[in-house]
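Please look over the sequence and the structure shown here before reading the report.

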Amino acid sequence: MRLSVCIATFNRADFIAQTLDSIAAQLTPDVELVVVDGASTDATAQVMADYAARHPQVVYQRETKNCGVDEDFDKAVRYASGEYCWLMSDDDILVPGAISTVLRCLSDDPDVVVANAEVRSKDLGLLLKPSQLEMESDRTFTAHECEALFSATASYLTFIGAVVMRRSTWLARERTPYFGSLFIHFGVIFQPPALPRAKVIARPLVQIRYGNAMWTARGFEVWVDKWPSLVWSFGQFSASARTAITARHPAESLKTLLHYRAIGAYGPSEYLSLLADGKRPHHPWSRLIAALPARGVNGAVALYCLATRNSGARMMVYDLVRARCASSVARWVARRFRFPGNA
């Protein structure tokens, strides 16, 4: 096997069939599909049984308990037999020709490949961002250019479906310290020593189903605690490089707190569980912002997005209009961005 597409899944019966369809159509004799099911309680087992019966290159491993996404991805790599493993998400879509593009890239013998992606709405019908990586052509990074690789890709590498890695390299590096981080692949890639050869594919090969992550409901904890802690643990990179990816203490930012209040991800319970103990530096107004009416903040932030129309405004408005605290103002702004107010 040249390539194993490795998926860790849990309770995604409503989405995984579409993901599998996009992969199965591209399987070749030297490509397999490995799915580790973290003890799903929905119809995932039935969906997978059907695919395994129709496709002999599908390897389905159902676990007896859920150990978390990081450990399940590690298991998928261990179950795989391919020389390389593509760590694919369980709800996103491979574009036609994605696997053949990666196989050609592997002829250069890289240790890791980062494949670009486009961002779409949850139903894949709306294009929110045509390219996550701002690269016009493929690029190769040597070990001496590890910080350049970090700067160019770290923000994007919160998305695990971007990563194709030599299996032997994955298995030779530390993984258990990153169990529970939600970003095991990031830790494996950027831990010392630097990988000898990394390649980035500029063409988007994946369609991301935005806003559908299993941990979306925990977004405030993930982005103000887990992700910054991981990024800042890599002391071999300069402070400026790490700051460009994420602030060390995002909760110190008034704008960040308003953002999460506007989408309903930050409120009194998050303040009490994450900030009230004083262990994490945070803005003096953190408690006040947590108590503000979420719907009112939602509308105010939507108007700000309409006024500024910066590079992230479209995706932000999409978040605002899909939030449980979505306001009529946000729905009106959504129409100005040319997508339905109930997207």
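## Basis of the model

The model is predicted, with local features needing pLDDT of at least 70 and side-chain atom pairs counting only at pLDDT 80 or more, while totals for chains, interfaces and linings use all residues. Residues are numbered from 1 along each chain as its sequence is written, and side-chain values use heavy atoms, with hydrogens and water left out.

## Salt bridges

The whole structure contains 16 salt bridges, a salt bridge being a side-chain nitrogen of Lys or Arg within 4 Å of a carboxyl oxygen of Asp or Glu. One of them pairs glutamate 83 with arginine 2, whose closest N and O atoms are 2.5 Å apart. Because glutamate 83 lies in the loop between helix H3 (69-79) and strand S4 (84-88) and arginine 2 in the segment before strand S1 (3-9), this pair ties together parts 81 residues apart in sequence. Helices (H or I, at least four residues) and strands (E, at least two) are DSSP runs, numbered from the N terminus.

Aspartate 111 and arginine 166 form another salt bridge, with closest N and O atoms 3.6 Å apart. Aspartate 111 sits in the loop between H4 and strand S6 (112-120) and arginine 166 in strand S9 (residues 163-166), so that this pair links distant parts of the chain, 55 residues apart. Both aspartate 111 and arginine 166 are buried, where buried means under 20% relative accessible area, exposed over 50%, and partly exposed in between (1.4 Å probe, protein chains only). Through shared partners, salt bridges join Arg2, Glu83, Asp109, Asp111 and Arg166 into one network.

## Helix H4 and the cysteines

Helix H4 (residues 98-106) is largely enclosed by the rest of the structure, because seven of its nine residues are buried; among them are Ile99, Val102 and Cys105.

The structure holds zero disulfides, a disulfide being a pair of cysteine sulfur atoms within 2.5 Å. The sulfur of cysteine 6 is 3.9 Å from the closest cysteine sulfur, that of cysteine 85, which is too far for a bond, and cysteine 6 is buried at 0% relative accessibility.

## Surface patches

Arg295, Arg309, Arg331, Arg335, Arg336 and Arg338 gather in a patch of positive charge on the surface. Patches consist of residues with over 30% relative accessible area and no salt bridge, like charges being joined within 9 Å and nonpolar side chains (Val, Leu, Ile, Met, Phe, Trp, Tyr) within 5 Å. Helix H15 (residues 328-336) gives the most to the positive patch, with three residues.

Leu303, Val329 and Trp332 make a nonpolar surface patch of about 250 Å², and valine 329 is also placed in helix H15.

Notes: Areas by Shrake-Rupley, 256 points an atom, 1.4 Å probe, with all protein chains shown as cover. Lys, Arg positive; Asp, Glu negative; His and termini not counted. Charge placed at Lys NZ, Arg CZ, Asp CG, Glu CD.
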